[in-house]
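Me: I would like a close look at one part of this model. Please take the aromatic rings and go through them slowly.

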Amino acid sequence: MTFPVIGVIGGGQLARMMAGPAVELGIELRVLAEGPDVSAVAAVAWSRVGDYRDRETLRAFAEGVDVVTFDHEHVPGELLAGLADDGVALHPSPAALRHAQDKLVMRRAVDGLGLPNPSWRAVTDAAGVESFAASTGWPVVLKTPRGGYDGKGVLVLRDAEALEAARDWFTGGELLVEQFVPFSRELSVLVARRPSGDAVAWPVVESIQVDSVCNEVIAPAPALTADVARAVTAAALHLAERLDVTGVMAVELFETPGSGAGYLINELAMRPHNSGHWTMDGAVTGQFEQHLRAVLDLPLGSTAPLAQHAVMKNILGGANTDIYAAYPSALSSGPSAKVHFYGKDVRPGRKIGHVNALAAPGEPLADVRARATRVAATLRDGAETPSTTQE
């Protein structure tokens, strides 16, 4: 029997979570890791440490695999174009990935497809920001087009005086300035598309941010109107088709009830995404298995949810540095919850794992959220004695 080999550039938790589905499907996974102690190394039998910014390192890694995909979007586009010229199968392609690597490219594409975008402009200096704010009003949001995540590379400017804080941002290149959107909540929808064109979507979810980091995801998004859910899903599938995306893509959105289409597109991610971690336990086909299927052009799996409600709660580093010591208390406090740990050293505020909880028949969403929160908090803070609370 001959099974394909998938190479993943990047050794973070996303690559780590591809390992289980790869084993189940009999697919060999290889990882180009940033260091010997990153998340995926402990989970993937074949891993090599190398610099993803080095052309020859990338070429050597690609030689032994059938398909190359990504744990992150930071590989320079010119290096990916070189791999494509060498005949390497890249999913997503460098052309598609640019829309997740560069927010200006993404904004132009969304405008070109006629989809709901915040007002925006490319600027190179403070005068450009002031000119934009004169047309939209303060506050505005200044973003670096490349490299930002979890609130990094994003600066909310309340007035012209606040531009002083952005002085170091103007170094000659273009920046993105956007209107400050008065949204009601953040939404996300994940889609998967295979090279032959088939595409599927999971339910639209609510993503709750704390200090610019995803803290909790609720699937499906509570009280979302059917019209907006359909429109958001159709927009995501349209983006995947027109941008020729292959693999999993997340579309992050602002919900804007009573305004325009009821939503605005915020960002794209062309890989499995934090807002889709609930699918690992809460959908027939999780996002990591689906990503592997998609990049190999295999038939895509069902995205149907397995419960009325699913909640994903991130575990952020806190006072407890011995996570395993808290397992007895955490697991006994939520026997039906699923813990996914990333094998990372604990640092305050760092994403080190997540908890998934599914609703039992008839169980209120509030109880599911409380269970996921309880387990995650116990792991974060530690516990002296195991809880005997049962569900």
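Is Trp46 buried, partly exposed or exposed?

Reply: A word on the model comes first. This is a predicted model, in which local features need pLDDT of at least 70, side-chain atom pairs count only at pLDDT 80 or more, and totals for chains, interfaces and linings use all residues. Residues are numbered from 1 along each chain as its sequence is written, and side-chain values use heavy atoms, with hydrogens and water left out.

Trp46 is partly exposed, at a relative accessible area of 22%. Buried means under 20%, exposed over 50%, and partly exposed in between (1.4 Å probe, protein chains only).

Now the rings. A search of the whole structure finds three aromatic pairs. Rings of Phe, Tyr and Trp (its six-membered ring) pair if their centres lie within 6.5 Å; planes under 30 degrees apart are stacked, over 60 edge-to-face, the rest tilted. Trp46 and Phe61 make a tilted pair, with 6.1 Å between centres and 45° between planes. Trp46 belongs to strand S3 (residues 46-49) and Phe61 to helix H2 (residues 55-63), 15 residues apart. Helices (H or I, at least four residues) and strands (E, at least two) are DSSP runs, numbered from the N terminus. Phe61 is buried, at 6% relative accessible area.

Phe183 and Phe254 also pair. Their planes meet at 15° and their centres are 4.5 Å apart, so this pair is stacked. Phe183 lies in the loop between strand S8 (175-179) and strand S9 (185-193), and Phe254 in strand S13 (residues 247-255), so the pair ties together parts 71 residues apart in sequence. Phe183 is partly exposed, at 33% relative accessible area. Phe254 is buried, at 10%.
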